[in-house]
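This report describes the spaces in one protein model and the surroundings of its ligand. Please look at the structure before reading on.

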Amino acid sequence: MNDEWQTSPGGLVSALVPILQERHGSWVGWTGVADFAPEVFGHDGIELRPVPLSEAELDGYYFGFCNGTLWPLYHDAIRVPQYHRHWWGPYREVNRRFAEETARALHPGDVAWIQDYQLQLVPGLLRDLRDDVTIGFYLHIPFPPVELFARLPWRKEMLDGLLGADVIAFQTQLGRHNFARCAKRFAGAQGGTRQLRIADRIVRLKTAPISIDAARFSEAAESASVQRSAARLREELGSNRTVVLGVDRLDYTKGIDVRLRAFETLLESHPADDLVFVQIAVPSREEVGDYSAMRALVEQIVGRINGDHARPGHVPVHYLYRNVPFEQLVAYYAAADVMTVTPLRDGLNLVAKEYVASRVNGDGVLVLSEFAGAASELPSAVLVNPHDLDGVAASLERAVAMPIEEQRQRMGRMRRQVQTHDVFDWAQKCLTDLNA
Ligand code: GDG
């Protein structure tokens with residue numbers, strides 16, 4: 001049975017696995033399949049503790065409260081969050097189950113590190129069960145401003161849950177400040193933006209933007225097979241054309257519609273033959289109505305642009321609604337002259353950093369939304385306000401025409417940032433904060 005398990009290839013996992021192996025740690029998580037929870041087992045030197053979720057819980061907890069309430073609320077309410085009492089119950093119940101399983105895995109003096117918005121009640125619930133451990137919490141998405149967070153009917157419970165941690169870390173300073181304000185306003189915490197006092201405890205607040213396994217992307221981009229694939233892609237897309245790329249989960253926060261519209265505007269003043277846009281959109285949360293609506297919108301825009309501008313032998317927008325394998329993804333990064341990352345709000349955005357790490361030749365232009373957490377670390381990108389369509393179109397125009405020396409200067413600065421602040425550095429920093 002255990003041989004059938006495969007380690008997920010993402011950056012978070014590659015950073016945490018060696019640390020857990022070294023410390024003989026446990027990973028508490030969901031298997032990804034409803035009503036399936038094997039007993040505790042070992043894999044790759046780590047103890048895995050599956051937490052079961054039923055089909056009904058997946059609906060109420062995951063698609064409901066996590067992705068119908070919290071996700072839109074925490075992303076500036078760019079879709080209307082739904083506040084259903086029958087979703088809150090499963091959220092609390094699933095958080096309780098995670099806290100209990102985590103409590104079973106811990107020895108006195110251990111560190112528990114809880115990840116993300118799906119588990120915000122766990123720190124408080126775990127503290128009630130085990131006051132002999134150190135608890136950290138990391139939020140991968142933005143923490144909203146007080147006037148939006150105030151809408152959440154369970155705002156006090158959510159804050160009490162988070163404040164059970166000893167250290168809470170955020171992607172950006174803005175998220176940290178928003179949280180501190182909310183904790184003081186609604187949960188009776190006192191203090192500043194770095195440290196809060198709640199009852200007789202101190203909770204430390206940190207900013208720690210997540211990163212990627214930069215070497216893995218650079219090494220892949222340098223490999224002969226990826227270079228061959230990238231050259232083939234360039235040939236297929238038209239070797240004399242400027243290739244513009246977007247890569248995202250198909251999520252309404254990512255601004256896929258924004259960049260397509262900006263590209264459409266650009267085509268009005270630019271010969272369609274010189275440019276080609278590739279959008280990779282990975283299917284995501286299709287059970288949630290706002291996601292299927294966004295898919296329909298994106299496909300409508302792609303259809304309109306191609307209907308207006310295609311000719312036999314040239315299609316201006318190539319749209320791939322699927323997950324592409326890692327090496328192929330890096331080949332797209334390596335082939336793209338311009339990368340567009342235009343979310344309306346994003347915790348960080350790893351794709352921006354992955355593009356930078358894959359540009360081993362030192363050229364290429366990153367067009368990046370000011371509303372992505374990554375913008376504060378990558379000021380040498382061409383920063384755009386995704387609400388300003390003409391502004392995005394003008395920035396896109398500037399990006400496709402950018403002189404090579406300017407590209408190299410900007411990309412050089414961004415590459416140094418990503419190489420020196422990779423995901424291993426992030427994990428070490430977070431765990432050092434927890435052990436302090
Ligand atoms: C959340 C926060 C925060 C995408 N398409 C393919 C593919 N991907 C991979 C990318 C990247 C990941 O998916 C997406 O990460 P993002 O950071 O862009 O966005 P979210 O999924 O929304 O992640 C975000 C992140 O958590 C980490 O804290 O940055 O703000 O929303 O790694 O490469 N991978 C492959 N094929 C694809 O087609 N192999």
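## Pockets, cavity and ligand

The second largest pocket holds about 260 Å³ of space. Of its 23 lining residues, those closest to the centre are Thr172, Leu174, Gly175, Arg345 and Gly373. The model is predicted: local features need pLDDT of at least 70, side-chain atom pairs count only at pLDDT 80 or more, and totals for chains, interfaces and linings use all residues. Residues are numbered from 1 along each chain as its sequence is written, and side-chain values use heavy atoms, with hydrogens and water left out.

On a 1 Å grid over the protein atoms alone, a pocket is an open set of points with protein on both sides within 12 Å along at least five of seven lines, a cavity is a set where a 1.4 Å probe fits but cannot get out, and lining residues have an atom within 4 Å of a point. A volume is the space filled by probe spheres set on the points.

Helix 7 (residues 173-186) gives the most to the lining of the second largest pocket, namely 4 residues. Domain 1 (2-211 + 424-435) and domain 2 (214-419) both contribute to this lining, so the pocket lies between them. The domain bounds come from an automatic or database domain assignment.

The whole structure has 1 cavity of 30 Å³ or more. The volume of the largest cavity is about 40 Å³. Its lining is made of Trp113, Gly136, Phe137, Val167, Ala169, Cys430, Asp433 and Leu434. Helix 16 provides the largest share of that lining, 3 residues.

Around the ligand there are 22 residues, and the closest are His140, Val324, Asp346, Leu350 and Glu354; a residue is counted if one of its heavy atoms lies within 4 Å. Domain 1 (2-211 + 424-435) and domain 2 (214-419) both give residues to this shell, so the ligand lies between them.

The table lists polar contacts, which are pairs of N or O atoms within 3.5 Å.

| Protein atom | Ligand atom | Distance |
|---|---|---|
| Histidine 140, polar side-chain atom | oxygen | 2.7 Å |
| Lysine 254, side-chain N or O | oxygen | 3.0 Å |
| Leucine 350, backbone N or O | oxygen | 2.7 Å |

Taken alone, the ligand exposes 730 Å², of which the protein buries 81%; the areas come from the Shrake-Rupley method with a 1.4 Å probe.

By class, the ligand shell has 12 nonpolar, 5 polar and 5 charged residues. The lining of the second largest pocket divides into 11 nonpolar, 8 polar and 4 charged residues. Here Ala, Val, Leu, Ile, Met, Phe, Trp, Tyr, Cys and Pro count as nonpolar, Asp, Glu, Lys and Arg as charged, and the others, Gly among them, as polar.

Conventions
Polar contact = N/O pair within 3.5 Å; in protein donor to acceptor, adjacent residues only side chain to side chain. Helix = DSSP H or I, 4+ residues; strand = E, 2+ residues; numbered from the N terminus.
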